[in-house]
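This report goes through a protein structure, from a single side chain to the whole chain. Please look over the sequence and the model before reading on.

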Amino acid sequence: MSSRYLPHGAFFQDLHRSVDGYFASAGLSPRGSSRLWVKTGIILAWCALSWIALVFLANTWWQALLSAVSLGLAVAGIGFNIMHDGGHRAFSERDGVNRAMALMLDVIGGSSYVWHWKHNVHHHANPNVAGLDADIDIQPFVRLSPEQPWRPWYRYQHLYTWALYSFLTAKWHLVDDFRDVLTGHIDTQRFPRPKDRDLAAFISGKLLFFSWAFVVPALFHPVWKVALGYLFVSVVVSLVMALTFQGAHCVTGAAFPGEGAKKLEWAEHQARTSLDFAPGHRLWTWYLGGLNYQLEHHLFPRVSHVHYPALAPLVREVCAAHGVPYQVMPSVGATLVSHGRWLLEMGRKPLAP
């Protein structure tokens, strides 16, 4: 726990007492169940069939477009459901299984090693803290926190940011991971550069990804078509992932504690900076890997997402008992509108102190 937080208190203890009691009384493991294995098989098959359709079966532009959209949704689904649980050691009780599932990120173009530091260490420890949470640092293009400096072009960020989100995956695949590993920095924060097994996984993953995403398709199609196909797939992945994560943290009602903010205990900080959205919506919950239950995930990252809907009422009850906000957006549409409003608010020039 970072020194920026107060020691764990009654709120944290009651949360764990309630959730631990649920698993004990139900006789369940906090990790994934057989449902997660079935889901994993479905999503991997969806991804493989979409790739085959795009590379080998599509004969018209609309068939290629539909296949690209399907592949993009499936790739994002791998990240939400399989890799994410594996990376948090929540997929299985076995470390080897968790590592194998985390490595799915390397297969789809990212780096599970860099992601661990950026997401598990930096983001989860300090959500919505400018300078510490890389997920809210899109400067100098977008201002997402009141703690970040204002620039004149931010007046229009509620209009152009949606287009920028479209290229996040391509930037991640082609620039970010390589830059981070070479420099040993994720934005302003240092992290240990990979070596030995981790470096081998990084290199192997990049080779595998570029092979299925570019080399093999180029054997059957002109390079410009391959590039265009990659662009469509990456735009779909980018938009789905950006709007899922930004909608859970960068909306009206979420807190953005600065360095001068009052210290809170870690669990209360998570509650004030993380929002649930579209709770109870089975399709969104299934596809997004429970990330619409963002607060439950932030409080219990080593619990598999298949349990989040059952934990939500328990967390809400404990929050109410301690006077801690439990914030929920009723739908995906409401979440997108709220994020747009936050972009508009952050784009306004701050009043002089």
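Is Arg 179 buried, partly exposed or exposed? Arg 179 counts as partly exposed, because its relative accessibility is 35%; buried means under 20% relative accessible area, exposed over 50%, and partly exposed in between (1.4 Å probe, protein chains only).

## Basis of the model

This is a predicted model, in which local features need pLDDT of at least 70 and side-chain atom pairs count only at pLDDT 80 or more, while totals for chains, interfaces and linings use all residues. Residues are numbered from 1 along each chain as its sequence is written, and side-chain values use heavy atoms, with hydrogens and water left out.

## Overall form

The protein chain has 15 helices and 4 strands. Helices (H or I, at least four residues) and strands (E, at least two) are DSSP runs, numbered from the N terminus. The chain is as compact as a globular protein of its length, because its radius of gyration is 20 Å, close to the 20 Å that the globule rule gives for 353 residues. That radius is taken over C-alpha atoms, and the rule is 2.2 Å times the number of residues to the power 0.38.

Of the 353 residues, 50% are buried. Among contacts (heavy atoms within 4.5 Å) with a separation of 6 or more, 71% are between residues 24 or more positions apart.

The structure holds 8 salt bridges. A salt bridge is a side-chain nitrogen of Lys or Arg within 4 Å of a carboxyl oxygen of Asp or Glu. Lys 171, Asp 176, Arg 179 and Asp 180 are linked in a network of them.

Asp 176 and Arg 179 both lie in helix 8 (residues 168–183), 3 residues apart, about one turn of the helix. Asp 176 counts as buried at 10% relative accessibility, and Asp 180 is buried at 4%.

Arg 99 lies in helix 4 (residues 95–102) and Asp 198 in helix 9 (residues 197–218), so the pair ties together parts that are 99 residues apart in sequence. Arg 99 is partly exposed at 27%, and Asp 198 is partly exposed at 25%.
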